[in-house]
Amino acid sequence: MNLEGYLSRIGFKGTPRADLNTLRALHRAHAETIPYENLDVQLRTPVTRAAPDVYDKIVRRGRGGWCYEMNGLLSWALTEIGFDVRRLAGAVHRETMGDSSIGNHLVILVDVEDQTWLADVGFGDGLIEPTPLAEGGFDVGPLRCSLSRIQDGWWRYSNDPAGGAPSFDFHPDVDDEALLEGGCNFLQSDPASPFVQNAVVQRWRDGAHYSMRGRVLTKLTRVGKEGELIPDAPAYVEALRDVFGLNLPEAAALWPRILARHEEVVQSQTEGGN
């Protein structure tokens, strides 16, 4: 890795060291600079977990990524600096889907200064800074989240009800890269995958969380949540640029599918309410 290129991409100043201050600063800089996004899936561009490809996409081409790319890049950078990093096969929705979900999320544990920390810049509205691997609640911007031990050595990260996905599980000994590869392939190709069905972009900025799911742009702060409908393709491309820092004019081609999906969701919600 060209570490200097990554540090420049996230705006990190100073000399990185394998200490807690650097871990916190790197994590926050990454979370607040690089957007979470699945637009390659929407554009039907294959997504790879290969480190050189992820580096080229996010650092050289100024894109964002999803968990495999975001946490993959962060874990690579931390390893280059000298941190003790563990990459785990996490499981979003395991509390409802069971073990079939293992591998649908890449989770990072970092051992530094005699303590284990959970680092995760790939959960969309997840951590801004790493949090100690210990039971209890903690604030993530306007969200109140928690960690808890569950059965058989597993841990659960529970999101605030105002957030997105409700939880993910991870186990310190479940680190099978084949599970992660399988999850990455499934999520970008199976018609049942929420990432195939929905265009999603998210980022943290100035203590607020911004998300654009389809044509719905939402800002979440401690005051509450406010949203708006994106009117057309040019406005969608503009929001990608101005809100999320993504210069991606080709995303205009997604607009017909975004509109169709929006109508499908609205109709489903209407029928469900009757």
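Trainee: What covers the buried residues of α1?

Mentor: This is a predicted model, in which local features need pLDDT of at least 70, side-chain atom pairs count only at pLDDT 80 or more, and totals for chains, interfaces and linings use all residues. Residues are numbered from 1 along each chain as its sequence is written, and side-chain values use heavy atoms, with hydrogens and water left out. Helices (H or I, at least four residues) and strands (E, at least two) are DSSP runs, numbered from the N terminus. The cover over the buried residues of α1 includes α2, α4 and α5.

Trainee: Which residues of α1 are buried?

Mentor: Buried means under 20% relative accessible area, exposed means over 50%, and partly exposed lies in between (1.4 Å probe, protein chains only). Helix α1 is mostly covered, with six of its eight residues buried. The buried residues are L3, G5, Y6, L7, R9 and I10.

Trainee: What does Y6 touch, leaving out residues up to four places away in sequence?

Mentor: A contact means heavy atoms within 4.5 Å. Y6 is one of the buried residues of α1. Residues up to four places away in sequence are not counted, and Y6 then touches M1, L26, H30, Y55, V59, L73, L74 and A77.

Trainee: Which residues have the most contacts inside the largest nonpolar core?

Mentor: A nonpolar core is a set of buried Ala, Val, Leu, Ile, Met, Phe, Trp, Tyr and Cys residues joined through side-chain atoms within 4.5 Å. In soluble globular proteins, nonpolar side chains tend to be buried together. The largest core here has 29 residues, and those with the most contacts inside it are Y6, L23, L26, L78, F83 and V110.

Trainee: Which element gives the largest share of this core?

Mentor: The elements that give two or more residues to the core are α1, α2, α4 (51-60), α5, β3 and β4. The largest share, six residues, comes from α5.

Trainee: What do the buried residues of α2 pack against?

Mentor: The buried residues of α2 are L20, T22, L23, L26, H27, A29, H30 and A31. They pack against α1 (3-10), α5 (67-81), β3 (105-112), β4 (115-119) and β10 (200-205).

Trainee: Is T22 buried or exposed?

Mentor: T22 lies in helix α2, residues 20-33. Its side chain reaches the backbone oxygen of R17 at 3.0 Å. Apart from residues up to four places away in sequence, T22 touches F12, P16, R17 and F83. Because its relative accessibility is 6%, T22 counts as buried.

Trainee: How many disulfides does a search of the whole structure find?

Mentor: A disulfide is a pair of cysteine sulfur atoms within 2.5 Å. The sulfur of C67 is 7.8 Å from the closest cysteine sulfur, in C184, which is too far for a bond. The sulfur of C145 is 17 Å from the closest cysteine sulfur, in C67, also too far for a bond. The number of disulfides found in the whole structure is zero.

Trainee: The side chain of R205 reaches the backbone oxygen of which residue?

Mentor: R205 is in strand β10 and is partly exposed, with a relative accessible area of 25%. Leaving aside neighbours within four places in sequence, R205 is in contact with Y210, D242 and V243. At 3.5 Å, the side chain of R205 reaches the backbone oxygen of D242.

Key. Polar contact = N/O pair within 3.5 Å; in protein donor to acceptor, adjacent residues only side chain to side chain.
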